Amino acid sequence: MSSSTPSNARPSRVTTTRLAELKAAGERIVMITAYDAPGARLADAAGVDSILVGDSLGMTVLGYDSTLPVTMDDMVRATAAVSRGTSRALVVADLPFLSYQVSVEDAVRNAGRLLAEGGAQAVKLEGGSEVADLVGILVDAGIPVVGHVGLTPQSVNVFGGYKTQGKDVEGALTLVDDCLALEAAGACAVVLELVPAELAALVSEELTIPTIGIGAGAGCDGQVQVFHDVLGLGDFTPRHARRFAEIGEAIIAAIAAYAGEVRTGEFPAEGQLSHLDEAVLAELERALPLTESED
Ligand code: KIV
C-alpha cells in the first residue's frame, strides 16, 4: 500500500481485465448471481469476484417458470439494487429475452441502460457466432460483454428442454467455433452452461479469455452458481448445483418462532417498545372519556 493510500480505503472493484489476469495467473474466478441489494452485499462480503444479475431472476425471485417473461425494466431495477449493494465485485447484468435479438439499436440502448441506469460494469448475452457481430458493436460502444453458450435458457423452446449441449463431435466443434467467434469479437469472458466437462476444459485451454462454467466441470477458469441454489433457498436443486447451506429451513424456523411468540404474547417484549412519560399518560387519561366498568 502506498503512503498516500488511506488505511481504511475500500479494496478496488474487480474489472473485466482483472478476470483475464486471474485466468493468466491460474486463479479460479468465483461468480454468483444476486438480484437485490441485501443478497449482493452478502456475496460481496464473502469475497466473490463477480456478481451476475441473471435473468434467472424470473424463476428465483419473480415466480415465472422460465427466463422468457423477464423485461428490461426488471433487469435495470435489479441491477441498480445489486450495484448499490456492492463495492468490490464486478457486476455483470443479463440482457433479457428480446432485448437484443430484434435490432442492433435496441441492443445498444438496452445494454447501455444496464450500465448507465443499473451501474453494471458488463452485460451478458446468449449465443455464439450468430451474435458475434453484435458483441463487437457493443464493445466498440464501450460496453464490455460476457458471452454465454451451451445451454442458453432463453432458447429453451428451441432445445426442447434444459439439456447438456455439445455432446457429439458436430455440436462440440460448433461450440468451440462459437467461443472463438465471441473471443475474436471482443467478449471479455464466456459462460459455458451444461457443457460436457472434457469439452469445457478443451475450450478453456483454447481461449485466452476466461470461461465461467455452470454444469461444465472444474476445468473451466471459473464457476457461476445461482444464489438460491447455493443457499438452499428453493425446493429444487439442479444436478449442477450444490446446497452449501439450508437457509430456507433456517428462515422457516425463524418465522415460525416469530409467529409463535406473537401468538403467546411473548413478542414484542420490553426491549422492542417505548413508553409514554408518566405525566403525559396521566394527562391523556384525564382527557379521554373513562371506559365504564361493567360491574
Ligand atoms: O441467469 C442466470 O442466472 C445465468 C446463469 C445460470 C449463468 O445466466
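**Exercise 1.** In this predicted model, determine at what angle helix α5 and helix α6 pack and how far apart their axes lie.

*Solution.* Step 1: Helix α5 spans residues 104-116 and helix α6 spans residues 132-140; the two pack at an angle of about 45°, and their axes are 10 Å apart.
Step 2: Angles under 35 degrees count as roughly parallel and those from 65 to 115 as roughly perpendicular. The helices α5 and α6 are therefore oblique to each other.
Step 3: As to handedness, α5 and α6 cross in a right-handed sense.

**Exercise 2.** Identify which residues of α5 and α6 make the contact, and state how these residues divide by class.

*Solution.* Step 1: From α5, the contact involves Val104, Ala107, Val108 and Ala111. Helix α6 contributes Leu134, Ile137 and Leu138.
Step 2: Sorted by class, the contact of α5 with α6 comprises seven nonpolar residues, with no polar and no charged residues.

**Exercise 3.** Describe the order and pairing of the strands in the barrel, then examine how β1 is joined to β8.

*Solution.* Step 1: The barrel is closed by eight strands, arranged β1-β2-β3-β4-β5-β6-β7-β8, with parallel pairing. From one strand to the next, the twist averages 25°.
Step 2: Strand β1 (residues 29-33) and strand β8 (residues 222-225) run parallel and are joined by four bridges.
Step 3: Within this pair, Ile32 has Gln225 of β8 as its bridge partner.

**Exercise 4.** State how the protein is divided into domains and what distance separates the domain centres.

*Solution.* Step 1: Domain 1 covers 16-245, and domain 2 covers 250-287.
Step 2: Taken over C-alpha atoms, the centres of domain 1 and domain 2 are separated by 46 Å.

Conventions:
Residues numbered from 1 in each chain as written. Predicted model: local features only at pLDDT ≥ 70, side-chain atom pairs only at ≥ 80, totals over all residues. Heavy atoms only, no water. Axes fitted to C-alpha atoms, helices over the stretch in contact; angles between N-to-C directions. Parallel < 35°, antiparallel > 145°, perpendicular 65-115°, else oblique. Left-handed = near helix turned anticlockwise from the far one by under 90°. Contact = heavy atoms within 4.5 Å. Nonpolar A, V, L, I, M, F, W, Y, C, P; charged D, E, K, R; others polar. Domains from an automatic or database assignment. Pairing = 2+ DSSP bridges.
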